[in-house]
Every structure is written in C-alpha cells, then in structure tokens.
Amino acid sequence: MKQYKMSAGMLLALGMAITLPAHAIPIGGVEFPEGAVSFADTVVSYSLTASVPSAPHQGDFNALGIPNYAGVNSCPSQLGCTFVSLGSGGSIVLRFDDNKLTGSNSAALDLWVFEVGPNVEDTFVDISVDGMNWNAVGKVFGATAGIDIDAFGFGLIDQFGYVRLTDDPAEGGGGSGGTVGADIDAVGAISTVRTPIPEPTTIALLVLGLLTLSRQQRRLRR
Ligand SMILES: [Ca+2]
Ligand SMILES: [Ca+2]
Ligand SMILES: [Ca+2]
Ligand SMILES: [Ca+2]
C-alpha cells in the first residue's frame, strides 16, 4: 500500500501558506492591501457612441487585471495593447469575481482607476451590487485617480461587484483620433474583500485531517 509521507512541519507550512493574508504590494504606485486580487476580473459590457476609437484600441479585456501600460499610446492590435479607449461618451462595465469593492469607514480612497494615453480624460464612475441598480460616485479626473465611496454614504459593510466607467464627452483633449475618449488600463478596489474560495475553516479542517492521518500511519508502522 502506498504511504503518504508528510511531516507535521510540512503540513503546518502548507496551512500557513494557504491562510496567511496577502502582503500589501504597491501596484502601479498604489498600495492594494489584497494585491492583484483587487482588480476587475470580467468585462460585462463595452458600449461605444458615434465617436469610436480605432479597432486596436477597442480591446475591452485590456481593462482587466493589474495595470500594464508602459507608455505605448498607438497600439498595433488589441492583443498588442494595454488599455481600452471608451470613445467620446462611451462606457464599460466591469465585474469583480474573486473580490468585492467596499467602503473603508474613512475618507481613504477605495477605488482606483488607471487612465492612460496621451490626453488626460475624465470619467464618470457608477458602482453596483447586482449590475442592475447603479449608484453614481462622482468622477475620476483623468490620469490615475481614486474615489472615496464613503463620501457617497457607503461603508465597510457595503460590497459592490460592478463598476461602470463612462467617458465625459465634455472633457479631455481627445475629441477624435484612434484613442478618442478615456483610456482605461485597469480598475482596482483598494478597499476590498476577497470572495471566499475556499473558506479558511475548510482548509483548517483539511490540514487537521491530514495531520491525523499522518499520525495514524506513523502509529501503524511501529
Ligand atoms: Ca479581482
Ligand atoms: Ca473610503
Ligand atoms: Ca484618449
Ligand atoms: Ca491593462
């Protein structure tokens, strides 16, 4: 019969590796206490108006994950691009899957939008629990900018799964051209909770089970 050889020390290390909280890592110059998990995971919709960016700048998936813009403003293709242009008055709806945006019960910034490209362009921001009922939380004023959602009456107990960004057609120098409208590289929740997958208690029980199994096998070998 095959024997499982795992020491108590190894099991403890495994348990710690799974349950230790993530270190605060500055991403794109901003401290995200939960790291890469904090960023938007799925594009729900991308809507353009009459004033559209060129095709290489319409890759909506480029707004997902951690920021990766490196100064290239004119993209050869959507895959070779790091941001998505919204067009004048266009919008994008993003969803958090492994995390949720929360307030902080303080005036600290909770949501950060990485807006890039040659022009600094303003964006209206709305947040939603269910992707249907929206709450306006003001604007981000181009470049990389944050929002304190507590200023709009929210707090730690509020959990939002959706963010909608809408280009303000009245602002920004990019009224036309390939990257017309705000250019979104990434959207991150500074104040965030992880969506529990799996539950820490489940992991603790698993480690305890393995520990018991290893003890029993050692006893049998004697
Ligand atoms: Ca995420
Ligand atoms: Ca706040
Ligand atoms: Ca632009
Ligand atoms: Ca990006």
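Good morning. I begin with one pair of residues: Leu94 stands opposite Val163 in β12. Please keep in mind throughout that the structure before you is a predicted model.

β5 and β12 run antiparallel and are joined by five bridges. β5 has a further partner, strand β3, which covers residues 42-47; these two strands also pair in the antiparallel sense, over five bridges. One of the pairs here is Ser47 with its bridge partner in β5, Ser91. Is β5 mostly covered or mostly open? Four of its five residues are buried, so by the criterion of 20 or more other C-beta atoms within 10 Å the strand is mostly covered.

The chain forms two helices and 14 strands. Of its 222 residues, 35% are buried. Among contacts with a separation of 6 or more, 78% are between residues 24 or more positions apart.

I turn to the interior. In soluble globular proteins, nonpolar side chains tend to be buried together. In this model the largest nonpolar core has 37 residues, and Val163, Ile184 and Val187 touch the most other members. Which strands each supply at least two residues of this core? They are β5 (91-95), β7 (111-116), β8 (123-128), β9 (134-140), β12 (162-167) and β13 (183-189). The greatest share comes from β7, which gives five residues.

Once its neighbours within four places in sequence are set aside, Ile184 is in contact with Ala63, Phe83, Val84, Leu86, Ile92, Val113, Glu115 and Leu165.

Next, a separate group of strands. β11, β6 and β14 form an open sheet in the order β11-β6-β14, with antiparallel pairing. At its edges are β11 (159-160) and β14 (192-194), each of which pairs on one side only. Between β6 and β14 there are three bridges, and the two strands run antiparallel. Within that pairing, Asn99 stands opposite Arg194 in β14.

Most residues other than glycine have a negative phi, and most peptide bonds are trans. Asn105, although not a glycine, has a positive phi of about 60°. Where is Asn105 placed? Asn105 lies in the loop between β6 (99-102) and β7. It counts as exposed because there are 12 other C-beta atoms within 10 Å, and the limit for that class is 12 or fewer.

Along the chain, Gly28 and Phe114 are 86 residues apart, yet their C-alpha atoms are separated by 8.4 Å.

Finally, a word on confidence. The average pLDDT over the protein is 86, and 83% of the residues score at least 70. Residues 11-20 are another matter: pLDDT stays under 50 there, and the model has ten contacts beyond four places in sequence for this stretch.

To close, I return to the opening pair. Thank you.

Terms used. Residues are numbered from 1 along each chain as its sequence is written. Chains are lettered from A and ligands numbered from 1 in the order in which they are written. This is a predicted model: local features need pLDDT of at least 70, side-chain atom pairs count only at pLDDT 80 or more; totals for chains, interfaces and linings use all residues. Two residues are in contact if their C-beta atoms, placed from the backbone, lie within 7 Å. A nonpolar core is a set of buried Ala, Val, Leu, Ile, Met, Phe, Trp, Tyr and Cys residues joined through C-beta atoms within 7 Å. pLDDT is the predictor's confidence in each residue, from 0 to 100. Two strands pair if DSSP finds at least two bridges between them.
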